[in-house]
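Please read the following report alongside the sequence and the model.

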Amino acid sequence: MTGVGVLRLLQSNVSARQRARKNTLEEGKNRGEVATMTNNAVLNTWIEEMAALCQPDHVVWIDGSDEQRDALRAEACKTGEMILLNQEKLPGCYYHRTHPLDVARTEDKTFICAAHERDAGPTNNWKSPEEAYTEAANYFRGSMRGRTMYVIPFSMGPVGSPFSKIGVELTDSIYVVLNMLIMTRVGKKVLNALGTSADFTKCLHSKAQLDPDKRRILHFPEDNAIWSVNSGYGGNVLLGKKCLALRIASALAYKEGWLAEHMLILGIEEPNGYIQYIAAAFPSACGKTNLAMLIPPEGLKSKGYRIWTVGDDIAWIKIDTDGRLWAINPESGFFGVAPGTNSKTNPNAVATVQRDTIFTNVALLPDGTVWWEEGDGDPPSEALEWKGSPWKPGMKDKDGKPIVAAQPNSRFTAPLRNCPSVSFRLEHHHGVPLSAIIFGGRRNTLAPLVYEAMNWNHGVFLGASMASERTAAQYGKLGEVRRDPFAMLPFCGYHMADYFKHWIGIGRKAPRPPRIFHVNWFRRDEKGGFLWPGYGENLRVIEWILQRTRDEGKAVKSPIGYLPAPDAFDMTGLDLPKGTMEKLLEVNKDEWRAECDAIEEFFNGLGPKVPWELRNELEGLRHRLEE
Ligand code: OXD
Ligand code: MN
């Protein structure tokens, strides 16, 4: 049964409510609200139905104008939902706090509601569509009484691009509206592009009571619909991002023959004007935003590289007529982690958040500016911490643990156009051609700084076996290895083994696919210190990767793939202690044998659908380790 069908059963007096709804719309019109901004009958009917369920006092369409945005900002400040920051120092910037129990994506409350459990696969939580709609409808019913329902027509990707997908999000949160205005393309132009088509993702969100037990993030791939209730945290409620652009889009991409990936996209321009683009997948909290905005290190400055940031989180990738893979970033903003962002780690991000930015759950300073741990400058002498209580440096909780000023997952939402390195091809409908795809993880040992896959299928194997060791900031045991294939574990909207198969198929169909690499910026020495300085210095590794794509860089074959030759990197201006490069590139056969067993166990856990091509790659690796 479809969502609409279930709703019909659930709502005993829909038509009475719809009549009431029409009256409300009439009243709204008198206040300057418009009943609808489109003659799209499917869209209008759906909104009527959702309004009948949620029962808002008003329905307001978001047209994408600056005037409406400014009015909403002012209203949010009046109600206390947002705080206006110091407009001299941070023009156009606002501050927001989420509920203290609502500060991150809630994977245990996130479901893929495919008709059959087997289609969600063993790595996703599953609920039947019937059960999911029925339960969530109880939470949505009447949840917007006394509130306004905002209708946000948005495009993921440039409006009208063959890559792009349209969504409409209904929400009772001005914070969501203001974030969506930064993260996506919004308004009338999107409705014009949609016309009377029914091809849009139906996104329904309500904060409801922010009850964590009744929080649900539900994806209905067969209905092209998303329902999110009882949360106000970005990753759960900005439904264009993880929910549409990854979970729903990956399922659509599987059907339609393209890829929706958790990847940054970056261009590297040589002084002669030649730009090569790369896409890279890393698990959350591995520095994707920093890499996407990389600044060349001093020692390579004389080479005149220029970096172009296309995106920091999501890539939609298609085979184009030239046989290459082309990619767009479907978003138009950054939703980045604030702590750790400073003028050394990411000067471009610091420049990006100086205006028109929403800060969430960071520390608020008396002069109306913001601060976070490992940000710029010394800790402030006083602040309001992220929950709003007075804070001073050195404060400890009752267990003697330091109290942080900014929530560790506090965020900035900032427009891509603010970034000094933003790509001039952001609005290009065909995106950018990819020369290389990079997979990475956070491994203390095992994985060398960089190595190259021997061919496409081997590259898919590298993506499928990606893993990270947990850091102190994450739950779980320190050092425990978490498999996160393609960094898509929490974001793949269908069976992970089918997803692997789909990647294999793309390589077969694309006559000129990019080469695939694996990097590990996080390898440690015996004392636990990082062997590689990271950040801007990573360009030295990328330089080798790009040389390899042009059949230039020097490499040696190893059991796990091609490693850089010992003198392959340009190390001008970077003095690593003697022996460090050898340690960075070491392949320890015993550790790799154990890794093969762990990968096999992981594949077994995914069931019989794991493609034979990947089993072959595993056996090939085992064989090469014994040679
Ligand atoms: C993100 C994430 O917020 O991956 O981008 O968690
Ligand atoms: Mn992400």
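Predicted model: local features only at pLDDT ≥ 70, side-chain atom pairs only at ≥ 80, totals over all residues.

Residues are numbered from 1 along each chain as its sequence is written, chains are lettered from A and ligands numbered from 1 in the order in which they are written, and side-chain values use heavy atoms, with hydrogens and water left out.

**Metal site**

Lys 242 (NZ), His 262 (NE2) and Asp 313 (OD) coordinate the manganese ion (ligand 2) at 2.1 to 2.2 Å, where donors are N, O and S atoms within 2.8 Å of the metal (3.2 Å for Na, K and Ca), and sites may look incomplete since water is not among the atoms. Along the chain, the spacing of these donors is K-x19-H-x50-D. His 262 sits in the loop between strand 11 (259-261) and strand 12 (263-269), and Asp 313 in the loop between strand 14 (306-311) and strand 15 (315-319), so the pair ties together parts that are 51 residues apart in sequence. Strands (E, at least two residues) and helices (H or I, at least four) are DSSP runs, numbered from the N terminus. Both His 262 and Asp 313 are buried, a term for under 20% relative accessible area, with exposed meaning over 50% and partly exposed in between (1.4 Å probe, protein chains only).

**Ligand 1**

Arg 105, Lys 242, His 262, Ser 284, Asp 313, Arg 411 and Phe 491 surround ligand 1, each having a heavy atom within 4 Å of the molecule. The table gives polar contacts, which are pairs of N or O atoms within 3.5 Å.

| Side chain | Distance to an oxygen atom of ligand 1 |
|---|---|
| His 262 | 3.3 Å |
| Ser 284 | 2.6 Å |
| Asp 313 | 3.2 Å |

Of the 210 Å² of accessible area that ligand 1 has on its own, the protein covers 88%, as given by the Shrake-Rupley method with a 1.4 Å probe.

**Loop residues**

Thr 38, in the loop between helix 2 (14-30) and helix 3 (41-54), is buried at a relative accessible area of 13%. Most residues other than glycine have a negative phi. Leu 210, however, has a positive phi of about 55 degrees and is partly exposed at 22% relative accessibility, whereas Asn 230, with phi near 70 degrees, is buried at 0%.

Key: Polar contact = N/O pair within 3.5 Å; in protein donor to acceptor, adjacent residues only side chain to side chain.
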